[in-house]
Amino acid sequence: MAKKFIKLKSEDLSQWYNDLVVKAELADYSPVKGCMVIRPYGYSIWEKIHDFMDPFIKEKGVQNAYFPLFIPESFLKKEKEHVEGFAPELAVVTHGGGQKLTENLIVRPTSETIMYEMYKKWTQSWRDLPVMMNQWCNVVRWEQRTYLFLRTSEFLWQEGHCAHATDAENQEMIQWALNLYKKTYNDLLAIYGITGVKSNSEKFAGAGKTYCIEALMPNGKALQAGTSHDLSQNFAKSFDWSVQDQNGQKLYPYQNSWGMSTRSIGGLIMVHGDDNGLVFPPQVAPIQVVVIPIPGHTKAKTLAEKIFVDLKTKYRCQIDDLEGETAGFKFNKWEMKGVPVRIEIGDREADANSLVLLRRDTLEKQTISVSELDSVLNKLLVDIQNSLLEKHKKFTQDNTFTVDSYDEFKKVMSTTRGFVSAHWCESSECEAEIKQDTKATTRCLPDGQPEENGVCVYCGKPSKHRWLFAQSY
RNA sequence: CGGGGAUUGGCGCAAUUGGCUAGCGUGCAUGGUUUGGGACCAUGAGGUUGCAGGUUCGACUCCUGUAUCCCCGACCA
């Protein structure tokens with residue numbers, strides 16, 4: 001029963017993950033350290049994420065644009081915290097055209113500085129606000145330890161950057177972006193994420209506040225799945241960017257930036273995959289339905305083709321009628337590729353005008369008549385999507401532990417891991433000590449977490465909130 | 001960046017103290033028989049052993065450097 005073609009997820013998660021990413025042809029290693037080639041099957045996932053999010057971004061009035069890959073070193077230095085945060089992971093261009101450059105160029109780790117320098121040029125009046133732009137692009141962060149999709153030196157993302165006349169508008173936008181990520185994870189990727197606000201030590205370099213969505217992975221580690229930053233007026237002031245308000249006074253725009261990356265694909269693979277390979281939720285699956293006529297069955301082939309022609313007008317559908325592979329081989333192949341629904345048709349089905357449906361998430365088979373296909377399939381795809389989300393939600397809840405003592409905290413982190421909900425006094429010293437002991441950091445103060453009087457799980461000083469802790473990817 | 005492991009046909013591995021023409025499985029190609037959970041037979045193609053040096057009569061094997069990957073740390077918007 002157990003497949004020997006990839007390592008079992010249950011036995012060795014990271015080996016399973018690495019094997020699967022390569023064998024399912026999502027991505028491959030490149031000759032450059034920490035970089036990956038995203039192959040067509042993997043890239044089509046990114047396209048689905050793009051296609052899901054982009055209309056929402058546009059509908060909000062945010063326009064797509066493109067800013068350069070190279071940023072003058074001096075730009076990055078304008079915001080002190082920003083450059084300090086990013087300095088250790090920058091790729092720097094020192095030569096061009098065979099000559100040493102008079103000023104080094106940074107390969108963008110994120111585009112705040114170059115975008116805001118341009119925003120400054122384009123705006124003079126409060127009437128020019130808000131400025132709302134987004135770009136789909138690549139960024140480079142020279143990470144010391146990398147994993148396919150989850151942390152690569154170069155990755156793809158979208159980064160939205162808006163500037164507003166009032167802080168109220170700014171806050172509204174920040175929450176809008178966070179909700180977009182939550183929606184994308186929930187509705188498209190069927191991943192249950194926890195939204196909240198970051199602690200001071202975990203926030204984006206240069207931000208006033210960072211809001212995030214965190215998702216729990218099967219090994220009990222948390223993945224920072226998307227962030228929305230309240231930049232306040234920090235960057236505007238550092239760049240001396242002001243416009244005139246209605247009263248002729250200087251107005252420093254309130255800014256926000258928000259990003260979600262190809263890391264999400266890593267989360268998608270981890271969360272849903274099983275010992276047989278990938279499991280994609282139907283909404284994001286590059287192929288939603290695969291039709292397999294049992295090889296050698298002639299009557300089956302005709303029916304399969306008829307069904308395929310019909311289905312491909314409604315779903316992302318593929319037929320696998322290549323000769324020379326046995327049925328079992330095809331089943332395993334498409335299971336590894338994570339296709340949500342498989343239709344099997346042999347002569348037996350052809351005679352009865354029926355077909356066999358298999359859902360990838362549970363591997364349950366059912367035989368139905370051809371006339372029922374439309375309604376059953378429609379319902380099945382919705383059901384798979386929903387149950388994958390429910391499953392991950394349940395997993396997250398089952399692995400969120402409310403603790404009131406540091407011993408319990410340490411016990412969780414040394415055994416099952418997962419989220420720990422614990423009181424914390426919000427001092428960075430306690431946070432650092434806890435990290436030292438347990439490798440866990442604060443992930444966020446979850447949205448909707450009620451205020452309650454308690455004492456810090458580490459130092460015993462008064463605390464107002466339970467924060468969410470976890471070891472992070 | 002520190003510690004450990006690895007790199008040999010596409011993939012997974014072997015090759016004794018440094019010694020003969022670098023093997024095996026799988027995959028690939030061709031032909032045939034098959035095909036309801038990774039079929040079988042036959043024939044065949046595919047390698048300057050990651051890269052660069054060095055030691056040696058002789059290097060997959062030893063030494064130095066270097067690149068990439070994996071694991072464990074440190075780091076990580």
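This is a predicted model: local features need pLDDT of at least 70, side-chain atom pairs count only at pLDDT 80 or more; totals for chains, interfaces and linings use all residues.
Helix α6 covers residues 167–188. At 1.5 Å a residue, its 22 residues should span 32 Å. The end C-alpha atoms of α6 are 31 Å apart, which agrees. Several residues of α6 are buried, among them Asn170, Met173, Ile174, Ala177 and Leu178. Leu180, Tyr181, Thr184 and Tyr185 are also buried. An α-helix has 3.6 residues a turn, so residues three or four places apart point the same way. The buried residues of α6 pack against one helix, α2 (40–59), and against strands β8 (154–164), β9 (193–197), β10 (209–216), β11 (222–232) and β14 (254–261). Ala190 follows α6 and has a positive phi, near 55 degrees.

An open sheet is formed by five strands in the order β16-β15-β17-β18-β19. Its pairing is mixed. The edge strands, β16 (317–319) and β19 (365–369), each pair on one side only. From one strand to the next, the twist averages 25 degrees. Strand β15 (residues 289–293) pairs with β16 in the parallel sense, over three bridges. Val289 stands opposite Cys317 in β16. Two helices lie across strands of this sheet. Helix α9 (residues 298–311) lies across β15, β16, β17 (341–345) and β18 (354–359). It runs at about 165 degrees to β15. Helix α12 (residues 373–398) lies across β15, β17, β18 and β19. Its direction is at about 5 degrees to β18.

RNA strand B has 46 residues around it. Of these, Ser14, Lys33, Gly296, Gly328 and Gly346 come nearest. At least two residues of the surface near RNA strand B come from each of α1 (13–23), β11, α10 (327–336), α11 (347–352) and β18. The largest share, eight residues, comes from α10.

Some backbone features stand in loops. Most residues other than glycine have a negative phi, and most peptide bonds are trans. A cis peptide bond joins Leu129 and Pro130, with omega about -5 degrees. Pro130 is in the loop between α5 (112–122) and β7 (131–140). Glu25 is not a glycine, yet has a positive phi of about 65 degrees. Glu25 sits in the loop between α1 and β1 (27–29). With 13 other C-beta atoms within 10 Å, Glu25 is partly exposed. Asp240, also not a glycine, has a positive phi of about 50 degrees. Asp240 lies in the loop between α7 (234–238) and β12 (243–244). It counts as exposed, with 10 C-beta neighbours inside 10 Å.

Notes:
Residues are numbered from 1 along each chain as its sequence is written. Chains are lettered from A and ligands numbered from 1 in the order in which they are written. Helices (H or I, at least four residues) and strands (E, at least two) are DSSP runs, numbered from the N terminus. The expected span of a helix is 1.5 Å times one less than its number of residues. A residue is buried if 20 or more other C-beta atoms lie within 10 Å of its own, exposed if 12 or fewer, and partly exposed in between; C-beta atoms are placed from the backbone. Two residues are in contact if their C-beta atoms, placed from the backbone, lie within 7 Å. Two strands pair if DSSP finds at least two bridges between them. Axes are lines fitted to C-alpha atoms, for helices over the stretch in contact, and angles run from 0 to 180 degrees between N-to-C directions. A residue is near a molecule or strand if its C-beta atom, placed from the backbone, lies within 6 Å of it.
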